[in-house]
Amino acid sequence: MGSTFSSLNAGLTGLYAAQRLIEVSGQNINNQNTPGYTRQRVEQKALGIGSEPSVFAGSVPQGGGVEITGVRRLGDFFLDTKLRLETGRAAGTKQIDSSWSAIESAMDELGTMSVSNSLRDFYKAWGDVNNSSDNRGARATAIGNAEALVNQIATGYTHISDQWKNGRQQLDALVTDLNTAMDSVAALNDRIRKGTAIGANVNHLIDERDQLALHISELTGATVKEGYGVYTKDNAPSQAAIGTAYSDGTIEIMLAGNTMVGKDFANHFKAIGSVDMPGIDAAPRDIYQKAVDALGGNGKLTQTFIQHGIETQQYQAQVRVYEAGDSGPDGKTIDSRSKYFGQKYVAFYDMEKINDGQSVNDARMAGTEQIFGIGDFQHDEGPVRITWQYGGHQVVIEEGSIGGLMNNLRPAQLPGVSATLGNGGSWAEAGKLYNDLATNIATEVNNIHASSVTNKTKTLVTTQAAFQLLDPTTGKTEPAKMDGLGLNYPDGTAITGDTIQRNQFATDELFDAAVKDAQNKLEANNFGKSAIYTSVKEDGGDFFKFAAADNKLPAALRLQVAFKDPQKIAAGVEVSGIYDGSVALRIANQQDSPTSALNEWSKSVVDIGVHAKSAADNAQLAEQTRGIAEQQQKAQASVDMNEEVVNLIQGQHAYAGAARIMSTVNSMLETLINLGR
């Protein structure tokens, strides 16, 4: 027969168990709205009173009460893993969607100040010049609209570049946040491991750590695995357990097979690379300087030539990729099997040769080719990279907010297709569209406006007055000779031959006076003949030009209108007369050409819209999937008020029952004591 006192102890254990059940249920209810809190349950088992079989053994005892074995978190590691995975994917697609949405807003193609409207106004102004080719106001409007277009292109590129800079700064902030979170997880790992070893309740620490792990996955798409320890002779529960693994409560956070956070350490990251968008496409500084030295030094960079009347930098550096058919550094033609195929290089090109129609390979300055790779960049230049803080090895992060930002910050695809988005980063690809537009509009207009062998365009700017003598009786003319007439330029140089040069006079008035004086003296010295002259007009030059190029400055920021004088507009051609307006009409009609800058830009705008819609759809789908994973995880881990109220009532009844047991046993003891009296 069992002891009466053992029954009293059994009732006491019941009181303790019921009290613990009430405490844990209350804790769950109090934290039902606490972010990251995982509901808990009291785990218990029945206690028996040991009995050894013997001759004198009495009856078998019926029980020793209840024992609390622990308080278990009702989380699910696999549901947590799924939520972390989907959270990382959703965060990455959200970043990409955000960048395309911001690009659409910056372009504002539905607004009145769009690039498309500026292009239409530009072409329309040329139509007005065609209608009144000698109208200075119409010509001034054409130049004004061109300058507005140039500013619009530069502003558009700057907006995209500013978005890139903001993304770069955000990346630095996120990497700092990531390093801090990893340090916190490592510290919690240590506390949880030590608490688990002594049997302490560390559930609140695990909740805190899981929140941080979820945040790290949101930043990087990292995965989590449970940590294990190995029993030694100092902590093994039995001799047989020595050398076996056991869960020590820690976790390891992994990225592409590498440990970001271990049991008690964290491997930090750092973001390196250019801090502005043009810098991601530029050659490394040292490599660029080698190309400059091979060209002949910095003095060569200031050398210019006259291109269609415009002073132009002769040697310009370009970053290119070796493609099939190119001539390699060894002089051999490159194919897809060549070791140079696909490699980037910087080289200088003679723009005068390109202007004369020579191929890019022929215009490349021999010896200036400098091949480079990602390892040639310093920490503050080149494409943006994530590296381990210790060791410096590059890390590829493809998911999470950081992965999405890294995707957005990539350089544009090289080589790319003009006016078409490639597979590069969203911001760089959008910036490339503005560079393509600057190049396309300059090429399109200059090819029509600049005088050539087959296209003798003329401005209204007089370069000289060419004199002839007309015999009224025969109608024949002969060249006039001004030698010895005492005619001089303002600097004292004698005027000879049959022409007077306009560039020798400071103003049109002085030039006109000299022409009139020459006409009078020619007629006075050639009795019976009339002195007539023709105003020779300047050949049309480039309407647009590009400022001097360096290793970084993009075309969208270098585009300029070549002149401000309305008289320099070449509206007509020599054969039809300078006032025929045919050149202006051809430029105005370009807007209807399938290959015009306007139509190419329109295709670019559509391309932006398609990418933005695709990114939005991907983000929406990823968020829906993440939401489902979150619902499943919360269904397992979150607090159910109805369930907790039932547990409270059960705990209350259990407490009352245990108290009744103790009261009954107490009465039994009193009876036994009274018998002894």
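Reader: What makes Arg84 count as lying over the face of Phe77?

Author: In this predicted model, Arg84 lies 5.9 Å from the ring centre of Phe77, and a charge sits over a ring if CZ of Arg is within 6 Å of the ring centre and within 35 degrees of the ring normal. Arg320 is likewise placed over the face of Tyr349, at 5.2 Å from the ring centre.

Reader: Which residues is Ser217 in contact with, leaving aside its neighbours within four places in sequence?

Author: Arg84 is one of them, and the others are Gly88, Ala222 and Gly400; contact here means heavy atoms within 4.5 Å. Ser217 itself lies in helix α5, which runs over residues 203-220.

Reader: Why is Ser217 called buried?

Author: The relative accessibility of Ser217 is 0%, and buried means under 20% relative accessible area, so Ser217 counts as buried.

Reader: What makes the pairing of Ser217 with Ala222 a polar contact?

Author: A polar atom of the Ser217 side chain lies 2.9 Å from the backbone oxygen of Ala222, and the cut-off for such a pair of N or O atoms is 3.5 Å.

Reader: How many aromatic pairs does the structure hold, and why is the pair of Phe269 and Trp388 called stacked?

Author: There are 18 aromatic pairs in the structure. The ring centres of Phe269 and Trp388 are 4.5 Å apart and their planes stand at 25°; since planes under 30 degrees apart count as stacked, the pair is therefore stacked. This pair links distant parts of the chain, with Phe269 in strand β6 (residues 269-272) and Trp388 in strand β12 (residues 385-388), 119 residues apart. Both Phe269 and Trp388 are buried.

Reader: What makes the pair of Tyr434 and Trp601 tilted?

Author: Their planes are 55° apart, with 5.0 Å from centre to centre, and because under 30 degrees would be stacked and over 60 edge-to-face, an angle of this value falls to the tilted class. Tyr434 belongs to helix α10 (residues 426-449) and Trp601 to helix α14 (residues 597-637), 167 residues apart.

Reader: How do you know that Tyr434 and Trp601 are buried?

Author: The relative accessible area of Tyr434 is 2% and the relative accessibility of Trp601 is 1%, so with the limit for buried set at under 20%, Tyr434 is buried and Trp601 is buried.

Reader: Which residues do ring pairs link into a cluster?

Author: The cluster is made up of Phe122, Tyr123, Trp126, Phe543, Phe544 and Phe563.

How values were computed. Residues numbered from 1 in each chain as written. Predicted model: local features only at pLDDT ≥ 70, side-chain atom pairs only at ≥ 80, totals over all residues. Heavy atoms only, no water. Phe/Tyr/Trp six-rings, centres within 6.5 Å; stacked < 30°, edge-to-face > 60°. Helix = DSSP H or I, 4+ residues; strand = E, 2+ residues; numbered from the N terminus. Buried < 20%, exposed > 50% of the residue type's maximum accessible area, 1.4 Å probe, protein only. Polar contact = N/O pair within 3.5 Å; in protein donor to acceptor, adjacent residues only side chain to side chain.
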